[in-house]
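This briefing concerns the packing of secondary-structure elements in one chain. Please consult the sequence and the structure shown here alongside the points below.

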Amino acid sequence: SSRPEDNKQSSFHSYPDPHQQTQTSLQQLPNLSIAQDSTGQLFQGLRGQSMGKSMASSSGSGVLSRDQFFNVKNPMSNRQSNPIAEEIRTGLQCASYGGPHSEAEYSELIYWQDFPSDATFTSSYYNPHERTKYLTFEMDGSGWNNIRLGFENMILLAHSMGRTLVIPPKRQIAHGMPDIHGSKIISFDDFYDIKAINAKQNGLNIISMEDFLERESVSGNLKSMTTGEVIYPPNNQVDWNNQRLEPLLSYIRIISRTFNWNPKDCVLAFSTKGTDDQHLFSMMADVLIEKDGRPFPDYSEFQGKPVNVDGPTQERLREVLAGRRKICMYDSKMHAANNVVHFKAEENEERLILPFYAFMFWEDWRQQLFAMRFVRDNLVYNDAIFCLAARMVNTIRDYVRQRSPENAEGLYDAIHIRRRDFQSQFPMTEMSANTILAGIQDDIHPGSTIYISTDERDPTFFEPLRQVYDLKFIGDFGDMLKGVNP
């Protein structure tokens, strides 16, 4: 993504700790009051879906009213505010990125909102007065989308566990993706405003691997989990950006608790503070033995019939199991016994590259809603990316209006057609252009303009579609993309 020269990097080292203020755990919340929509307008929901009177949560975990989801009058709102959070953007600032300069030209892209009370949410495990506990993880070895899914899981795990999140070293990722300077060495702050997230959210601290090693490893604070002896990083090295990471990862695995949670086998559950952690296992056992006479739940049981988001815990648990018969538990004993926990990302092993709501279960339904809002409102691509998208959308619309004056709104269709590496991994996904054409003709009127996002490099592949539709590709916007991360 293109950035002004004076803002091309974020430094994790310089992050202040903005969280030394009044903390409120989720379990201390009073009952949520239901607020009315004072604007008379529909809210925008997860990923921009329109919100009416109710919405099915993307976790499959219930129907929630828009007031429950957005929690406009959160009872936490009377708590001490975070002065840094008040500066967090709620819209787009495109002037520094080449436009658009009119809000009307980019406002429809904005799906996130800012709820200052969310910034005060902290896990019951978070204690700013105890020794800092850390969560380290490995960046997945595949493409960006899997890396993004993994990061969403990691940042929510860190918050739920009350741990400081350690960002892995910058490195190359699959499928290229150089930054504005032509470097393929990237990290999460090339996509997200990590510094702003770190400043905004109480109970969540984010540092770099370099900072972690300087703070804990070089100073001799980390010990082998098996022998108890102090172990230092390989060659006392702290800067591992664009380095061979095997020595570092081997070291991290020695000094940390590494979990073997496989999301295909188990659901990760967080119990409510002050309750016996075993009660969730008992609840799970009742489901397994079909104690209430109902068969073990299948995901199809909930299609179109989601459990209410604030429904009974056992009903919500039944729904999220989706065929799995185990619970992975994070409890107070595990928290106290491990200063560093680590998550691997090895092929054919445990890889948390699935939507977080398909793996994590919070007994407190309010924390479930917080997690969804947190991802929606904070893990938002930076302005450079969104402003470029807005410029492309407006350019296509202008083209469509000129081509078809009767189409005053400049409406067009867009299709993502992934081929190449995807087909080599999943041959059953192979589709000819004629098959794609047959699949869209009932929904897209012949002669319409279609923008196609694709990794197919042979333009002749799309010839059957081109005979029916007016096709546009990213290459048609070459001038606009100069100096921009492709």
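The following points treat a helix pair and then a sheet with its covering helix.

The model is predicted. Helix H4 (residues 209-217) packs with helix H5 (residues 246-255). Strands S15, S16 and S17 form an open sheet with parallel pairing, and helix H10 (residues 383-403) lies across S16 and S17.

**Helix pair H4 and H5**

- The angle between H4 and H5 is about 50°, and their axes are 14 Å apart.
- Angles under 35 degrees count as roughly parallel and those from 65 to 115 as roughly perpendicular; H4 and H5 are therefore oblique to each other.
- The two helices, H4 and H5, cross in a left-handed sense.
- From H4, the contact involves Met209, Phe212, Leu213 and Ser217, while H5 contributes Leu248, Tyr251 and Ile252.
- Classified by residue type, the contact of H4 with H5 comprises 6 nonpolar residues, 1 polar residue and no charged residues.

**Sheet S15-S16-S17**

- The open sheet has 3 strands in the order S15-S16-S17.
- Strand S15 (413-417) and strand S17 (470-472) are the edge strands, each of which pairs on one side only.
- From one strand to the next, the twist averages 30°.
- S15 runs parallel to strand S16 (residues 449-454), and 5 bridges join the two.
- Opposite His416 stands Ser453 in S16.

**Helix H10 on the sheet**

- Helix H10, which lies across S16 and S17, runs at about 150° to S16.

Notes
Residues numbered from 1 in each chain as written. Predicted model: local features only at pLDDT ≥ 70, side-chain atom pairs only at ≥ 80, totals over all residues. Heavy atoms only, no water. Axes fitted to C-alpha atoms, helices over the stretch in contact; angles between N-to-C directions. Helix = DSSP H or I, 4+ residues; strand = E, 2+ residues; numbered from the N terminus. Parallel < 35°, antiparallel > 145°, perpendicular 65-115°, else oblique. Left-handed = near helix turned anticlockwise from the far one by under 90°. Contact = heavy atoms within 4.5 Å. Nonpolar A, V, L, I, M, F, W, Y, C, P; charged D, E, K, R; others polar. Pairing = 2+ DSSP bridges.
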